[in-house]
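Trainee: Hi! Could you walk me through this one?
Mentor: Happy to, let's bring it up.

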Amino acid sequence: MPSSKEYLNFVLEQLGSSEVDCKPMMGEFLLYYRGRLVGGIYDDRLLVKPVKSAVAYMPQAVYSLPYDGGKEMLLVENVDDREFLSGLFEAMFDELPPPKTKRK
């Protein structure tokens, strides 16, 4: 089941940051924080990469698959908490790989 734009808009509103971008991808949405891929919206669930800082920030987080054959990610259940979400993305930033440069 593809994710709804309503849920995406809700999450983006909760993040309340101009530093968060999204890109549609096969019915789902990838989320980028300051240009770095942090996670995405899959089946109306916010999932983030399981980097060490995210695991430490959410020690009780459940691992979940974004789609069949995908790598496990952390399910963010506190999407109603703006401060929690912005803190999570900020905590993860330094561990996320920078975007790859495209060759011409």
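Trainee: How many salt bridges does a search of the whole structure find?
Mentor: The search finds 4 salt bridges, each being a side-chain nitrogen of Lys or Arg within 4 Å of a carboxyl oxygen of Asp or Glu. Bear in mind that this is a predicted model, where local features need pLDDT of at least 70, side-chain atom pairs count only at pLDDT 80 or more, and totals for chains, interfaces and linings use all residues. Residues are numbered from 1 along each chain as its sequence is written, and side-chain values use heavy atoms, leaving out hydrogens and water.

Trainee: Which residues are linked in a network of salt bridges?
Mentor: E19, R34 and E90 are. R34 meets E90 at 2.4 Å, N to O, and R34 meets E19 at 3.7 Å, N to O.

Trainee: New topic: where does M58 lie?
Mentor: In the loop between α2 (52-57) and β5 (63-64); helices (H or I, at least four residues) and strands (E, at least two) are DSSP runs, numbered from the N terminus. M58 counts as buried because its relative accessibility is 9%.

Trainee: What is M58 in contact with?
Mentor: Leaving aside neighbours within four places in sequence, M58 is in contact with V48, L74, L75, V76, F84 and L88, where contact means heavy atoms within 4.5 Å. M58 and L88 are 30 residues apart in sequence, yet 8.4 Å apart C-alpha to C-alpha.

Conventions. Buried < 20%, exposed > 50% of the residue type's maximum accessible area, 1.4 Å probe, protein only.
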